[in-house]
Amino acid sequence: MGLGTVAVTGAAGNIGSVVRGALRSQADRLVLLDRVPLQAQAAHEETHVVDLRDPVAVESALAGADSVLHLGGLPDEAPLPDLLEANVLGTQHVLEAARRAGIARVVLASSNRVTGFYPTAHRTGPREPVRPDGLYGVSKVAVEALGQMYADKFGLSVICLRIGSFEEVPTEPRHLATWLSPRDAVGFIRAALTAPPSTRFATAYAVSANTRRFWELPEEAVLAYTPVDNAELHAARIAGAHAPSDPSAPQAGPYALPENTLKHIRP
Ligand SMILES: NC(=O)c1ccc[n+]([C@@H]2O[C@H](COP(=O)([O-])OP(=O)(O)OC[C@H]3O[C@@H](n4cnc5c(N)ncnc54)[C@H](O)[C@@H]3O)[C@@H](O)[C@H]2O)c1
């Protein structure tokens, strides 16, 4: 208990499923939204089938929440119209519902892919200009900008988490830098939900304490969580973990390749 009523969009997804289990014991009520049906697994869970593109449905499901964890949307490269609808419009609907309902905290799932074109040798922090590696990254830039605008203009308290590679365990060389373990994901999300109300707006990378990480960890004053897992401990089981790597290669790895985006653009 202690978190009050927490609403989670995208609750049926990879991260949502893990976070739901972790927050269950700390929330007085969990309001779970997804476009696919969910089953309540506890008396204080409430489920809603909601398409984020429907502002009325979003507002009605979020009414009464103390905070919102917005995970719903398309999590990878897709045609821009789809990304604009699910990620950008969907986020505006969540922020607008939060504004109208006076919800104290909104945590937005952003992505490391907003800065995917910085080279791996560069330690990237949240205040540097964005360098999205594709259309998905562009949609998350807009997600962050919407959060900033709702904070500046309407006084909402918004925290954007630039999530790394959320995986049970790291399985490929890039993960040695980008892995976000389930335990650390829960830690960052809980810290974002409980950061002081005086936090008007913040952006932070959510990544495990990987030896090879190329993103700055959040300052303690922004997010009171120190990650505990390190992908390096799994390196022995990852093919190519010790192969030479190009320090000028983009942090996004294969996601930065032109074909990754071109396949979603009409020829
Ligand atoms: N998994 C990662 O490594 C990672 C990395 C960076 C950022 N993120 C972001 O974190 C969030 C969660 O990621 P995930 O891996 O759990 O993704 P996921 O695809 O497993 O979950 C997303 C959920 O959103 C729901 N959804 C999609 N469009 C919707 C719509 N229009 N209306 C209602 N629900 C909709 C889906 O049904 C799904 O359950 C996403 O916003 C993603 O962009 C994830």
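Visitor: At what angle do helix α1 and helix α6 pack?

Guide: In general, two packed helices are described by the angle between their axes and the distance between the axes. In this predicted model, α1 (residues 14-23) and α6 (residues 182-194) pack at about 70°, with axes 10 Å apart. That makes α1 roughly perpendicular to α6, and their crossing is right-handed.

Visitor: Which residues of α1 and α6 meet?

Guide: From α1 you have I15, V18, V19 and A22; from α6, they meet P182, A185, V186 and I189. By class, this contact has 8 nonpolar residues, with no polar and no charged ones.

Visitor: On to the sheet. What is the order of its strands?

Guide: The general idea: strands of a sheet pair through backbone hydrogen bonds, either parallel or antiparallel. Here you're looking at an open sheet of 7 strands with parallel pairing, ordered β3-β2-β1-β4-β5-β6-β9. The edges are β3 (45-49) and β9 (201-206), each pairing on one side only. From one strand to the next, the twist averages 20°. Look at β6 (residues 158-163) and β9: they run parallel, joined by 6 bridges, and I159 stands opposite A202 in β9.

Visitor: Which strands does α1 touch?

Guide: α1 packs on the sheet against β1, β2 (29-34) and β4 (67-70), and its direction makes about 170° with that of β1. As for α6, it touches β1, β4, β5 (105-111), β6 and β9, with its direction at about 140° to that of β5.

Visitor: Is A7 buried or exposed?

Guide: A7, in strand β1, counts as buried because it has 30 C-beta neighbours inside 10 Å. Beyond its neighbours within four places in sequence, A7 is in contact with V31, L33, L62, A65 and V68.

Note on methods:
Residues are numbered from 1 along each chain as its sequence is written. This is a predicted model: local features need pLDDT of at least 70, side-chain atom pairs count only at pLDDT 80 or more; totals for chains, interfaces and linings use all residues. Helices (H or I, at least four residues) and strands (E, at least two) are DSSP runs, numbered from the N terminus. A residue is buried if 20 or more other C-beta atoms lie within 10 Å of its own, exposed if 12 or fewer, and partly exposed in between; C-beta atoms are placed from the backbone. Two residues are in contact if their C-beta atoms, placed from the backbone, lie within 7 Å. Axes are lines fitted to C-alpha atoms, for helices over the stretch in contact, and angles run from 0 to 180 degrees between N-to-C directions. Angles under 35 degrees count as roughly parallel, over 145 as roughly antiparallel, 65 to 115 as roughly perpendicular and the rest as oblique. A crossing is left-handed if the near helix is turned anticlockwise from the far one by less than a right angle, and right-handed if clockwise. Ala, Val, Leu, Ile, Met, Phe, Trp, Tyr, Cys and Pro count as nonpolar, Asp, Glu, Lys and Arg as charged, and the others, Gly among them, as polar. Two strands pair if DSSP finds at least two bridges between them.
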